[in-house]
Amino acid sequence: MAQDVERRRRFERLVSEVYAPVQRYLLRRTDPTGADDVLGDVLLVLWRRLDDVPPERPLPWAYGVARGCLANHLRGAARQERLVHRLARERPGADAADDGRLQRALEALPEADQEVLRLWAWEQLPPREIALAMGLTANAVSLRLHRAKRRLKKALTSGKETGPAGHMGMRDGGGARQ
Amino acid sequence: MSESADDELRTRLGRIDPAGPDVPVDPATSPRAAELMERAMQQTSTDEEPDVDLPRSRPGRRPAWWAAGIAAVAAVAAAVFVFGGSGSPVPNGSPGGDDTTTLALSLPATPEARCRAFDVAVLRTMQVAFEGTVTATDGEQTTLTVDRWFTGGDADRVTIDVPDGRTSESLGIEFRSGARYLVTATDGTVNGCGYSGPATAELESAFADAFPRR
């Protein structure tokens, strides 16, 4: 009984730490209804796997759980693609300064590169924690992040000179994901 | 790549963040949070747990290079390991760093016998299985950066040699730079017959079934 109480307390402490950031993580990647559904799944997994949560880095681990739950939710590439386009359209004026270039350049990258960049820029994670969230090695993340930044900068620079059509050549890796 | 250029890129990406700090979210003290927490704690049957690919608790904390090498060599007798630089056990994070480890595989030298129907049970028995992104490919060799190991190794990079007179297309795989693949190998030789190929949702799902994280 005392063990149950202690476990509940640990779970409550964990949730108080990750609840808001995981919500943001989900809202960045799906619609509000989907985010709420997936959040419930994330909490369920965190409760079940409470003993697996690394105490020194609970948040990136929780992002990793959210990533897995979201993948289940978005199962089916067509659904995911529709959603990405809808989210981009629904973001009112957010990309005004870049005239949509940055968004297009980001979406032209392979999905894993996009996710590495999002976790770096939006969740503000260092490579080691991105590795934890994505189940990659830290080295693979560093390589991917370096390459993705370079590609994004190149796309933005060339976009200034050639206009939006100049980005189309970036879609070199997207074809692997059906 | 300069730090200030990185900072600028991060700032610009921050401007297209759909849920940045100015977007309100439900706090952990809300009734909704309490409801979701209570619902989670009420679940007792493991049957109801979402089937999720869980993160490892200690990514990047790989075994010392020699231990990884021994384990992988035991699993892949014909594979050749090349350790660049000093073989430091801790990734230094620098692109193209000296501690990158490479696993060398090859395509079969002779055409494969008839393929049997794809079976996850067979996939599960593969000595080597990983997901990787092609960073370079020509007629003689394809190089992939490993995104994830399922079994049989811990290298950062895998090279696949193409024997004379063979092409990856003859295996039903067309390696394209920048694309992601799921690859299996036995005795240092990449398997075709649907056991290696582009990382489609179907193949991802089969690999997840064959090699559960836990």
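This is a predicted model: local features need pLDDT of at least 70, side-chain atom pairs count only at pLDDT 80 or more; totals for chains, interfaces and linings use all residues.

Colleague: What is the phi of A:Gln124?

Modeller: The phi of A:Gln124 is near 60 degrees, which is a positive value in a residue other than glycine. Most residues other than glycine have a negative phi.

Colleague: And is A:Gln124 buried or exposed?

Modeller: A:Gln124 counts as exposed, because it has 11 C-beta neighbours inside 10 Å. The cut-off for exposed is 12 or fewer.

Colleague: Why does A:Leu119 count as buried?

Modeller: A:Leu119 counts as buried because it has 26 C-beta neighbours inside 10 Å, and the cut-off for buried is 20 or more.

Colleague: Which residues is A:Leu119 in contact with, leaving aside its neighbours within four places in sequence?

Modeller: Those residues are A:Leu125, A:Ile130 and A:Ala133.

Colleague: How many residues of helix H7 of chain A are buried?

Modeller: In helix H7 (residues 127-134) of chain A, 7 of the 8 residues are buried, so the helix is largely enclosed by the rest of the structure. The buried residues are A:Pro127, A:Glu129, A:Ile130, A:Ala131, A:Leu132, A:Ala133 and A:Met134.

Colleague: What comes just after H7(A)?

Modeller: Just after H7(A) comes A:Gly135, which takes a positive phi of about 70 degrees.

Colleague: A change of topic, then: helix packing. At what angle do H1 and H3 of chain A pack?

Modeller: Helix H1 (residues 2-27) and helix H3 (residues 58-73) of chain A pack at an angle of about 45 degrees, and their axes are 10 Å apart. That angle makes H1(A) oblique to H3(A). The crossing of these two helices, H1(A) and H3(A), is right-handed.

Colleague: Which residues meet there?

Modeller: From H1(A), the residues are A:Leu14, A:Glu17, A:Val18, A:Pro21, A:Val22, A:Tyr25 and A:Leu26; they meet A:Pro58, A:Leu59, A:Ala62, A:Tyr63, A:Ala66 and A:Leu70 in H3(A). By class, this contact of H1(A) with H3(A) has 12 nonpolar, no polar and 1 charged residues.

Colleague: How do H2(A) and H3(A) cross?

Modeller: Helix H2 (residues 32-48) of chain A and H3(A) have axes that come within 9 Å and cross at roughly 125 degrees. That makes H2(A) oblique to H3(A). The crossing in which H2(A) passes H3(A) is right-handed.

Colleague: And which residues make up that contact?

Modeller: In H2(A), A:Gly34, A:Asp37, A:Val38, A:Asp41, A:Val42, A:Val45 and A:Leu46 take part, and they meet A:Ala62, A:Val65, A:Ala66, A:Cys69, A:Leu70 and A:His73 in H3(A). The residues of this contact divide into 9 nonpolar, 2 polar and 2 charged.

Colleague: How many helices and strands does chain A have as a whole?

Modeller: Chain A has 8 helices and 0 strands. Of its 178 residues, 43% are buried. Among its contacts with a separation of 6 or more, 65% are between residues 24 or more positions apart.

Colleague: What is the mean pLDDT of chain A?

Modeller: The mean pLDDT of chain A is 79, and 75% of the residues reach 70 or more. Over residues 161-178 of chain A, pLDDT stays under 50; for that stretch the model has 33 contacts beyond four places in sequence.

Colleague: Now the other chain, please. How many helices and strands does chain B have?

Modeller: Chain B has 5 helices and 8 strands. Along the sequence they follow the pattern α-α-α-β-β-α-β-β-β-β-β-β-α. Chain B has 214 residues, and 32% of them count as buried.

Colleague: Which residue of chain B has a phi near 50 degrees?

Modeller: That residue is B:Asp187, for which the value is positive although the residue is not glycine. B:Asp187 lies in the loop between strand E6 (180-186) and strand E7 (189-190) of chain B. B:Asp187 is partly exposed, because 13 other C-beta atoms lie within 10 Å.

Definitions and conventions: Residues are numbered from 1 along each chain as its sequence is written. Chains are lettered from A and ligands numbered from 1 in the order in which they are written. pLDDT is the predictor's confidence in each residue, from 0 to 100. Two residues are in contact if their C-beta atoms, placed from the backbone, lie within 7 Å. Axes are lines fitted to C-alpha atoms, for helices over the stretch in contact, and angles run from 0 to 180 degrees between N-to-C directions. Helices (H or I, at least four residues) and strands (E, at least two) are DSSP runs, numbered from the N terminus. Angles under 35 degrees count as roughly parallel, over 145 as roughly antiparallel, 65 to 115 as roughly perpendicular and the rest as oblique. A crossing is left-handed if the near helix is turned anticlockwise from the far one by less than a right angle, and right-handed if clockwise. Ala, Val, Leu, Ile, Met, Phe, Trp, Tyr, Cys and Pro count as nonpolar, Asp, Glu, Lys and Arg as charged, and the others, Gly among them, as polar.
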